[in-house]
Amino acid sequence: MNLPTNIFTYAQWSGILTIVFLLVTIGAFIFGWGYRFRLVGATGFMGVLTAGVFTLGLSLTPKVEIPGAARYTLVYDNGSSLAVVAVPPKIEKSAIEPTLRQAAADLYSYGRTGAGGNNSLLIELRTVIHPEPGVSVPLYLGSAERTLNSRTDDNIKIKSFAQNIAQLPPATANTK
């Protein structure tokens, strides 16, 4: 027996069953059936179950793996339209764009709203270099801007900052 793997299918059927329970409960009150209050409890339970299955479906999203992406750490996220991720200074130049794409895919959320009417998420990629002992300089390597309208955004705008990439330590600025 083949069962559907999309949890929204189960949420839809649970919603239909909740509506059926509601109609039967209303009928029980109209006709004065003795178990009408038990049906109120069953209808309420079905409503909670439907809401739970639906929200579970929202949270279970497939993880996207971008080939060539480096590991990053989320440094700042305002929850709406700006996030900053950090990578080690030993990042390869060829890994900058895939890392930005990976961060753009990972940081999308249904709950994000664009601040000030801006309907996009800006992700900045940075590292910290140490030009001399005791001195740390943050270095922005690139940015990605994606829409907040859709989970799958094929039009991510990627910018690389070549002047900053050139400042990476010589052994790590080379591509593979």
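Biologist: Quick one on Phe-29: is its side chain buried, partly exposed or exposed?
Modeller: In this predicted model, Phe-29 is partly exposed, with a relative accessible area of 40%, a value that falls between the 20% limit for buried and the 50% limit for exposed.

Biologist: And what about Phe-37?
Modeller: Phe-37 counts as exposed, because its relative accessibility is 55% and the cut-off for that class is over 50%.

Biologist: How are the rings of Phe-29 and Phe-37 arranged?
Modeller: The structure holds four aromatic pairs. For Phe-29 and Phe-37, the ring centres are 5.4 Å apart and the planes stand at 90 degrees, so this pair is edge-to-face.

Biologist: Which residues form an aromatic cluster?
Modeller: One cluster is made up of Phe-31, Trp-33 and Tyr-35.

Biologist: Switching to the strands, why is β3 described as largely enclosed?
Modeller: Strand β3 covers residues 120–129, and seven of its ten residues are buried, so the rest of the structure largely encloses it.

Biologist: How does β2 run relative to β3, parallel or antiparallel?
Modeller: Strand β2, residues 82–86, runs parallel to β3, and five bridges join the two; as one point of reference when you look at the model, Leu-82 stands opposite Leu-122 in β3.

Biologist: How many bridges join β3 to β4, and which way do they run?
Modeller: Ten bridges join β3 to β4, which spans residues 137–147, and these two strands run antiparallel. If you want a residue to start from, Glu-124 has Ser-143 in β4 as its bridge partner.

Key:
Residues numbered from 1 in each chain as written. Predicted model: local features only at pLDDT ≥ 70, side-chain atom pairs only at ≥ 80, totals over all residues. Heavy atoms only, no water. Buried < 20%, exposed > 50% of the residue type's maximum accessible area, 1.4 Å probe, protein only. Helix = DSSP H or I, 4+ residues; strand = E, 2+ residues; numbered from the N terminus. Pairing = 2+ DSSP bridges. Phe/Tyr/Trp six-rings, centres within 6.5 Å; stacked < 30°, edge-to-face > 60°.
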